[in-house]
Amino acid sequence: WRKRTQALTADLPFTDEESQRDVWAAVLSLQDNFKSAVLLYYYMGYSVAELAKICGVSEPAAKKRLERARKKLKEILGDDYNDL
């Protein structure tokens, strides 16, 4: 966890503050296993292999968590955020 230190709001793909808040709120509303996958992979920059090791799952399971998390985020955020 101490490997990478950067602000969680840095480098978000959205430029306006309202969009950032919407995405952040959507991420935080996910189930814990999906939320941790998104935070570790997208915000902290861990690879899928590192994510799997941290979460104690296989790499295919880690990939599936990310896939399901992206699907949930698209459902929550709607069509305005198709680039997720």
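Begin with the salt bridges, of which the structure holds two; the term stands for a side-chain nitrogen of Lys or Arg within 4 Å of a carboxyl oxygen of Asp or Glu. The model you have open is a predicted one, in which local features need pLDDT of at least 70 and side-chain atom pairs count only at pLDDT 80 or more, while totals for chains, interfaces and linings use all residues. Residues are numbered from 1 along each chain as its sequence is written, and side-chain values use heavy atoms, with hydrogens and water left out.

**Stop 1: the salt bridges**

Select Lys-35 and Asp-32, which form a salt bridge whose closest N and O atoms are 3.6 Å apart. Both residues lie in helix H2, three residues apart, which is about one turn of the helix; helices here are DSSP runs of H or I with at least four residues, strands are runs of E with at least two, and both are numbered from the N terminus. Colour Asp-32 by accessibility and you will find that it counts as exposed, at 61% relative accessibility, where buried means under 20% relative accessible area, exposed means over 50%, and partly exposed lies in between, with a 1.4 Å probe and protein chains only.

Now select Lys-64 and Glu-67, whose salt bridge has its closest N and O atoms 3.3 Å apart. These two residues are three residues apart in helix H4, so about one helical turn separates Lys-64 from Glu-67. Lys-64 counts as partly exposed at 34% relative accessibility, and Glu-67 is partly exposed with a relative accessible area of 44%.

**Stop 2: the whole chain**

Zoom out to the protein chain, which has four helices and zero strands, so that from the N terminus on its elements run α-α-α-α. Of its 84 residues, 29% count as buried. Among contacts in the chain with a separation of 6 or more, 52% come from residues 24 or more positions apart, a contact being heavy atoms within 4.5 Å.

**Stop 3: H2 against H4**

Two packed helices are described by the angle between their axes and the distance between the axes. Axes are lines fitted to C-alpha atoms, for helices over the stretch in contact, and angles run from 0 to 180 degrees between N-to-C directions. Show helix H2 (residues 32-43) and helix H4 (residues 59-77), whose axes come within 9 Å and cross at roughly 100°. That makes H2 roughly perpendicular to H4, given that angles under 35 degrees count as roughly parallel, over 145 as roughly antiparallel, 65 to 115 as roughly perpendicular and the rest as oblique.

Which residues of H2 meet H4? From H2 select Asn-33, Phe-34, Ala-37, Val-38, Tyr-41 and Tyr-42, and from H4 select Arg-65, Leu-66, Arg-68, Ala-69, Arg-70, Lys-72 and Leu-73. The residues of this contact divide into eight nonpolar, one polar and four charged, with Ala, Val, Leu, Ile, Met, Phe, Trp, Tyr, Cys and Pro counted as nonpolar, Asp, Glu, Lys and Arg as charged, and the others, Gly among them, as polar.

Stay with Arg-68 in helix H4, which counts as partly exposed at 46% relative accessibility. Arg-68 and Phe-34 are 34 residues apart in sequence and 7.4 Å apart in space, C-alpha to C-alpha.

**Stop 4**

**Stop 5: the aromatic pairs**

A search of the whole structure finds two aromatic pairs; rings of Phe, Tyr and Trp (its six-membered ring) pair if their centres lie within 6.5 Å, and planes under 30 degrees apart count as stacked, over 60 as edge-to-face and the rest as tilted. Select Trp-24 and Tyr-43, whose ring centres are 5.3 Å apart and whose planes stand at 75°, so the pair is edge-to-face. Trp-24 lies in helix H1 (residues 17-28) and Tyr-43 in helix H2, so the pair ties together parts that are 19 residues apart in sequence. Is Tyr-43 buried or exposed? Tyr-43 counts as buried at 6% relative accessibility, whereas Trp-24 is partly exposed with a relative accessible area of 24%.

Finish with Tyr-41 and Tyr-42, whose ring centres are 4.8 Å apart and whose planes stand at 85°, so this pair is edge-to-face.
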